[in-house]
Each structure stands twice: as C-alpha cells, then as structure tokens.
Amino acid sequence: MCSSWGLLMYFDAHCHLHEFNEEEIRGLKDYIIVAVSDDLETSIKTIKLAENYSNVLPCVGVHPWSIDEAPVSCLEEIEKLIALYEVRGIGEVGLDRKFVPQTFSKQLKFFEKFIRLSVDYGLPMNIHAPDAWRDVYELLIRHDVEKAVIHWYTGPLDLLEELTAKGYYISINPAVEIQKKHMRIAAKVNLRGMLVESDGPYEYRGVRLTPKLIPRLLEVLAKTRGVKYEELSSTIALNFKRLFKI
C-alpha cells in the first residue's frame, strides 16, 4: 500500500472522516488518515470511504457517546465487518466517566467485546477514555492487548509513563495550543509513544479541527520539545507505521 503514496505525507491517527464532505476528503490526498467510526452505520460508511480512497485506514466500533442507543446485537454486525473487509483498527471505542457516566456499565460490556475483537483479529485499538484512563489501561493489560492508541490524552503523568512503557501510544491534537492540560502531556510523552491526530471535524473552543491543522501541530510540537521539525515528523511517521502495520 505504501508504494502508491507520495514521500511528503502527514499522518492523522484519529479522524471522523465520515463527517467530512467529498470535496474536503479529496483535498486530503497528502494525509494518511485513520478513520474512526461512531456506531454500526458509520462503520459501514468508513469502510466504503476506504474502498474509494487509498489513503484511508478504516476503524470500526461504537463510540461511548453512542452506546446508550446502540443495541447489543450491533456488536455481532461489527464483527462481521471485520471478518469481511480490510478493517485496520477498532475504534472509536473506550470508556467515559466524564461525559456519559450514566452508561458506564454498558460501556464496559461493549469495551470488553472490542478488546476481544482486537486480540482475536490482531487489530490496534483507537481509544476514547476521559476520566477513565486507568480503567482502560488496566483492561488493556489484563487482556494482553498489544497495540492501542489513547486519543487526546489528558490524564495523569504517572499513567502516561506506564502506558508508553507498555508500548501503547498517545495521540496529540491541534487543541494543544489552547488546552493547557493537553500541552502538559505533549511536553512530557516519550516521543517513541507519540502520534498526532485531528479528531476532525470536532469543534473545540471555536476551532474546527481538521487534518489540515496537522502541519501546524507538528511545528508547535517540535518547538515545544526542542527538536527539529523533520526529526519529529520522521519519528511520528515511524510510530504510525509501526502501529498500523503499513
């Protein structure tokens, strides 16, 4: 797959590409995008996008915010998609004690199923975990999940070290310029455990996040970490390729 891509590429480890229009997607040819899904319907859409665009790596799953309305039967349908198509990851999945604590019990059932799918099919997990950072980490360890990225991490620094020591990745978002607790993570995370993401087209504090903000994000991160832009970009590209096997 890599042979068809140009040399100057950017890597987005977490994007809700199904929410972008066709014109915007066509304008992202210089980006390798891990496209995450929110539920069964968008998982199908994401797979179709990957069939049409060679720079898209599709992930399937049910977002914690969608679990309240998601029937348990959709888990079987998502597994069928994994078996039938070239799915590249499980996501966006996870646990959320901050925004939807009322569904936490159901979230656990779904997340444990997605963990089993990750292990059974050898797929990396793309994880959402606000205020459930350690819950997620302990489940990953307990079930011997080998590959995962925790997106938009804003959790404790001691856990950050544990996560990266186990070989898991943290993805940094363009919001780092306006969210101090995310910048704190960006300044500390081991570079061998860092990825970048857009989480587009989410709007954060008036900023619409898109993959096209990633070049600027890399500049900010290089300055923050005191490394050359080219060095940081190369490290993140290698991390991305290692996680998603491209």
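Predicted model: local features only at pLDDT ≥ 70, side-chain atom pairs only at ≥ 80, totals over all residues.
Residues are numbered from 1 along each chain as its sequence is written, and side-chain values use heavy atoms, with hydrogens and water left out. Local features need pLDDT of at least 70 and side-chain atom pairs count only at pLDDT 80 or more, whereas totals for chains, interfaces and linings use all residues.

In helix α5, which spans residues 133–142 (helices are DSSP runs of H or I with at least four residues, strands runs of E with at least two, numbered from the N terminus), Trp133, Val136, Tyr137, Leu139 and Leu140 are buried (under 20% relative accessible area, with exposed over 50% and partly exposed in between, for a 1.4 Å probe and protein chains only). Seen down the helix axis, these buried residues fall within an arc of 165°, taken from the directions from the axis to the C-beta atoms, so they line one face of α5.

A search of the whole structure finds 7 aromatic pairs (ring centres of Phe, Tyr or Trp, the last by its six-membered ring, within 6.5 Å; planes under 30 degrees apart are stacked, over 60 edge-to-face, the rest tilted). Trp65 and Phe99 form an edge-to-face pair, 5.6 Å centre to centre with 75° between the planes.
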